[in-house]
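Have a look at the model below first.

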Amino acid sequence: MPEQHLVVGAGPVGRHVAAILAERGDRVVLGSRSGRGPEIAGVTNVALDATDPDALTRAADGASAIFHTANPGPYPVWDRQWPLMSSALLTATERTGAVYAMAGNLYPLGPVTAPMHEGMPDDARDHLGALRARVWADALAAHRAGRIRAFEVRGSDYIGGESAAGHIGRALPTALKGKTVRMVGRVDTPHTFTDVNDVARLLVTVYDAPDAHGRVWHVPSHAPRTQRQMIDELLDLAGIPRVAVRGMSPASLRTLGLFSPLLREVAQLSYQLMRPYVLDATAATERFSFAPSPWEDTLHRTLRAAGWQPDRPRRI
């Protein structure tokens with residue numbers, strides 16, 4: 001029998017979740033600030049304030065799951081918006097009895113050096129990582145208390161979305177124009193990149209397995225690449241000459257942060273790009289026989305999001 005779901009956030013992950021659920025015949029409400037989500041058969045777009053527990057409760061009436069894929073905005077607003085949004089979503093989930101399916105990231109783990117697996121503690125020292133850790137800790141505590149059913153899916157830096165995002169997505173348009181690219185941190189250290197489509201697929205996969213709730217799952221991703229390798233592979237696929245790829249040190253970012261609150265926050269997280277940052281998703285690979293999307297397909301989507309057109313392989 002078809003189910004009904006609420007997806008909060010119409011960004012790359014949210015729209016993929018909505019499309020997967022609708023394709024299998026479920027009814028989906030896709031909520032965003034503007035209500036102008038993508039036109040997907042079987043999906044109803046609504047304007048929704050994710051910090052309003054009453055609005056969320058109404059939107060989730062009859063829903064089997066609330067898929068939380070929203071981002072409250074740029075880093076400088078996180079301290080104010082994340083607690084409000086997290087509290088509202090927990091309240092709506094408890095009121096409706098829906099499963100709480102959360103899209104997370106690796107910030108809670110902090111600056112680890114070993115491949116990151118789900119058995120590692122959330123031990124972030126920077127305030128953004130600690131904030132994201134509290135969001136999951138609150139949901140897990142409610143799950144263990146029997147108030148809700150919850151799980152979180154965590155991926156590394158996103159690629160493959162329908163809009164340019166993440167370190168690679170923001171740098172790629174410059175590279176496609178043949179200009180030197182400047183990236184946060186070092187450009188020669190291994191780093192895992194996660195396809196947004198795979199984040200959405202794993203969210204739905206774990207939702208469908210009730211015995212897998214109550215924990216974190218990492219998204220299976222392809223072998224890590226350096227930032228330079230990523231830019232090189234994308235340009236090679238597009239048929240465009242490679243460009244110089246240079247890094248920016250944390251010290252440089254801190255200096256720029258004197259004039260930019262956003263860069264000040266980026267400097268705090270730059271450890272992720274100064275040393276190997278490798279995701280271990282063995283648990284999900286083995287539990288669900290889950291494999292990442294074909295790599296070339298992921299790269300093609302990343303290129304298109306940056307403005308590349310297959311019929312125009314020259315510089316844009």
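Axes are lines fitted to C-alpha atoms, for helices over the stretch in contact, and angles run from 0 to 180 degrees between N-to-C directions. Helices (H or I, at least four residues) and strands (E, at least two) are DSSP runs, numbered from the N terminus. This is a predicted model, where local features need pLDDT of at least 70, side-chain atom pairs count only at pLDDT 80 or more, and totals for chains, interfaces and linings use all residues. Residues are numbered from 1 along each chain as its sequence is written, and side-chain values use heavy atoms, leaving out hydrogens and water.

Let us begin with a helix pair. Helix H1 (residues 12–23) packs against helix H6 (residues 196–207) at an angle of about 50°, and their axes are 8 Å apart. The residues in contact (heavy atoms within 4.5 Å) are listed here.

| Helix | Contact residues |
|---|---|
| H1 | Pro12, Val13, His16, Val17, Ile20, Leu21 |
| H6 | Val196, Asn197, Val199, Ala200, Arg201, Leu203, Val204 |

Now for the sheet. Its seven strands form an open sheet in the order S3-S2-S1-S4-S5-S6-S10, with parallel pairing; two strands pair if DSSP finds at least two bridges between them. At the edges are strand S3 (43–47) and strand S10 (216–218), each pairing on one side only. From one strand to the next, the twist averages 20°.

Inside this sheet, strand S4 (residues 65–68) pairs with strand S5 (residues 99–105) in the parallel sense over four bridges. Ile66 has Tyr100 in S5 as its bridge partner. Helix H3 (residues 78–96) packs on the sheet and touches strand S1 (4–8), S4 and S5. The direction of H3 makes about 170° with that of S4.
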